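Morning, everyone. I have one structure to walk you through. Please have a look at it before I start.

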Amino acid sequence: MESLFYRNYLKYLRDKFYLAQSEIADFLHCSISTYSKMEQGKKEISFDDFEAVIHFYEKKKKGYSFCFDENKKKESKDLIRKCITAFIYRSQKEMLNELESYLADPSNLHSYAFFETKLIEMIYEYFSDLPFQEQLPFMLEHMNLYDHTEQSLIYDLLGLSQLRTYIKKAEASFQT
C-alpha cells in the first residue's frame with residue numbers, strides 16, 4: 001500500500017507543480033524510463049526514493065513541506081468516520097468547525113493522509129452546501145487508495161451530487 005501511495009502522490013505533485021519526469025529522474029540519477037515505470041507502478045518506489053523526491057520538491061517549491069508523521073493517517077480516518085456518523089444523524093453543521101480546523105493545518109494535506117484529507121475537503125464542501133462535485137473525478141480516479149468505508153462514502157457523495165444536479169434542474173424548470 002505504501003508504494004501505491006508513493007506512486008500516486010508523486011504523480012499528483014509532479015502534475016501540480018508542472019514538472020517533467022526528466023527533472024525528477026535527473027535528480028534521482030536514474031533514466032526517465034525508470035522514473036516513468038515508478039509512477040506507473042511497474043517498478044517499486046523505495047522509501048529512500050520517495051523521501052529524496054519529497055526533499056527535491058521542498059527545495060524547489062517555496063512553502064511546500066511534507067509531514068512524515070504516520071499518525072496523520074489515523075487522525076484523518078477517525079475524522080472521516082466521525083463525518084459518516086454526523087451524516088447519518090444529520091448533524092453535519094456541528095462538524096464544520098472541526099473540519100475547518102483540520103483543513104487549516106497544512107501538515108494534514110501534505111502527509112501520508114493526503115488522499116483522506118482530499119476526501120475530508122470534499123465532505124466539508126458538502127456539509128457547507130458548497131459545490132463539492134469538482135473533486136469527484138479525482139476521488140474516483142484514486143479509489144484504490146481508499147478503504148471500503150471511504151469508497152462507499154465517495155459513491156454516496158457521487159449519488160448526492162447527481163441528486164443535487166437533478167434538484168437544481170427541477171427548480172429551474174419549475175421556475176420557468
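What percentage of the 176 residues in the protein is buried? The figure is 45%. Keep in mind that this is a predicted model.

Let's start with the fold. The protein has 10 helices and zero strands. Read from the N terminus, the order of elements is α-α-α-α-α-α-α-α-α-α. The C-alpha atoms fill a box of roughly 60 × 35 × 30 Å along the principal axes.

Next, contacts. Take those between residues at least 6 apart in sequence. Of these, 66% join residues at least 24 apart.

On to the inside. Rolling a probe the size of a water molecule over the atoms shows where empty space is left. For this protein, the count is one cavity of 30 Å³ or more. About 40 Å³ of space lies in the largest cavity.

Which residues line the largest cavity? They are Cys83, Phe87, Ile123, Tyr126, Phe127, Leu153 and Leu157. Three helices each give at least two residues to this lining: H5 (71–88), H8 (114–127) and H10 (148–175). H8 has the largest share, with three residues.

Last topic: backbone angles. Most residues other than glycine have a negative phi.

One is Tyr18. Its phi is positive, about 55°, and Tyr18 is not a glycine. Where does Tyr18 lie? Look in the loop between helix H1 (2–16) and helix H2 (21–28). Is Tyr18 buried or exposed? Tyr18 has a relative accessible area of 74%, so it counts as exposed; the cut-off for that is over 50%.

The other is Arg90. Here too phi is positive in a residue other than glycine, with a value near 55°. Arg90 sits in the loop between H5 and helix H6 (92–104). H5 is also one of the helices that supply the cavity lining. Arg90 is exposed as well, because its relative accessible area is 71%.

To recap: 10 helices and zero strands, one cavity of 30 Å³ or more, and a positive phi at Tyr18 and at Arg90.

Key
Residues are numbered from 1 along each chain as its sequence is written. This is a predicted model: local features need pLDDT of at least 70, side-chain atom pairs count only at pLDDT 80 or more; totals for chains, interfaces and linings use all residues. Side-chain values use heavy atoms; hydrogens and water are left out. Helices (H or I, at least four residues) and strands (E, at least two) are DSSP runs, numbered from the N terminus. Buried means under 20% relative accessible area, exposed over 50%, partly exposed in between (1.4 Å probe, protein chains only). Contact means heavy atoms within 4.5 Å. On a 1 Å grid over the protein atoms alone, a cavity is a set of points where a 1.4 Å probe fits but cannot get out, and a pocket is an open set with protein on both sides within 12 Å along at least five of seven lines; lining residues have an atom within 4 Å of a point. Grid points are joined across faces, edges and corners, and a volume is the space filled by probe spheres set on the points.
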